[in-house]
Amino acid sequence: DRLVGMGIDKEVAEQMACFVPEDVPRQQGWKALLTMVEDQMQTTNNEILRQGGVYALVGPTGVGKTTTVITTDTYRIGAYEQLATYGRIIGCGVKQVKDANELAEVLYHLRNKRLVLIDTAGMSQRDLRLTEQLNTLMRNQRVDIRNYLVLSATAQINVLQETVRHFKKVQLSGCIFTKLDESLSLGEIISIAIQNRLPIGYLTNGQRVPEDIRVANAEKLVKKAEQLYLKRTKVQHSRHQSVASSTVEMYD
């Protein structure tokens, strides 16, 4: 019940609870359960900055992909200009490509760069153009492009599941959860990561660049999810029903 209260999927919660012996004291059992949740989560250990390479950020529109270096977003007015401004500020080159051939050419010219980030056009997971674009993007087999799925922590869990299923048409190396500052619970994104065996790379907690991004840490994420649940439970039992639930603060 506590796991479900945290936002963890009921099926996941039941499976994990089964591993806790009935004779274990409640508090000890709860700690063991939280450790189990941590162990089931995978993180990428800051792979993008640690290893370098070519990474494409994919995902639905509006989840926050456009803080990157290269853009293939030719659909949304202003995306390239926004990235170009970021590039000038931080001293990074920004290129715009329209198809796989242009992408291959640009990546060839950037072959000596340690890190290349590709921003893709955001669309609904049900948009047919999305599949076409992803297939075009991945057609260039001469370069190992690793894909990170960007998801909003505020989305309904069914929407998150559908999005992951669709974007799995391209091989995913990990995911990035955004908008934690607008979320009231974290169990949903933990469930998505566990059920889909999708490593979490990074978390964002606002629009400040780069202050509001953190490397994902399973222990800290579960601890934050528990704190949020306990706060919400305390509010529900408080006589002051007008007190609002707190949103997520980023961990250090």
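In helix H9, the residues Gly187, Ile189, Ile190, Ser191, Ile192, Ala193 and Ile194 are buried, where buried means under 20% relative accessible area, exposed means over 50%, and partly exposed lies in between, computed with a 1.4 Å probe and protein chains only. That makes H9 a mostly covered helix, with seven of its nine residues buried. When I say helix or strand, I mean DSSP runs numbered from the N terminus, with H or I over at least four residues for helices and E over at least two for strands.

Before I go further, please keep in mind that this is a predicted model, in which local features need pLDDT of at least 70 and side-chain atom pairs count only at pLDDT 80 or more, while totals for chains, interfaces and linings use all residues. Residues are numbered from 1 along each chain as its sequence is written, and side-chain values use heavy atoms, with hydrogens and water left out.

As for the chain as a whole, its secondary structure comes to ten helices and seven strands, and buried residues make up 46% of its 252 residues. If we take the contacts with a separation of 6 or more, residues 24 or more positions apart account for 75% of them, contact here meaning heavy atoms within 4.5 Å.

Let me return to H9 and its packing with helix H8. Two packed helices are described by the angle between their axes and the distance between the axes. Here H8, residues 157–167, and H9, residues 187–195, pack at an angle of about 30°, with their axes 10 Å apart; the axes are lines fitted to C-alpha atoms, for helices over the stretch in contact, and the angles run from 0 to 180 degrees between N-to-C directions. H8 and H9 are therefore roughly parallel to each other, since angles under 35 degrees count as roughly parallel, over 145 as roughly antiparallel, 65 to 115 as roughly perpendicular and the rest as oblique. On the H8 side the contact is made by Ile157, Leu160, Gln161 and Val164, and on the H9 side by Glu188, Ile189, Ser191, Ile192 and Gln195. By class, this contact of H8 with H9 has five nonpolar, three polar and one charged residues, with Ala, Val, Leu, Ile, Met, Phe, Trp, Tyr, Cys and Pro counted as nonpolar, Asp, Glu, Lys and Arg as charged, and the others, Gly among them, as polar.

Within helix H3 we find Gly29, which counts as buried at 7% relative accessibility. Leaving aside residues up to four places away in sequence, Gly29 touches Val20 and Val24.

Now to the strands. Gly53 lies in strand S1, residues 53–58, and counts as partly exposed at 27% relative accessibility. Gly53 touches Arg114, Leu115 and Val116, again not counting residues up to four places away in sequence. Gly53 and Arg114 are 61 residues apart in sequence, and yet 6.0 Å apart in space, C-alpha to C-alpha. Val116, found in strand S3, residues 115–119, counts as buried at 4% relative accessibility, and Val116 and Val54 are 62 residues apart in sequence and 4.7 Å apart in space, C-alpha to C-alpha.

Lastly, some backbone angles. Most residues other than glycine have a negative phi, and most peptide bonds are trans. Asn45, however, has a positive phi of about 55° although it is not a glycine, and its place is in the loop between H3 and helix H4 (47–51). Lys179 has a positive phi near 60°; Lys179 sits in the loop between strand S5 (172–178) and H9, and is partly exposed, with a relative accessible area of 27%. H9 is itself followed by Arg197, whose phi is positive, near 50°.
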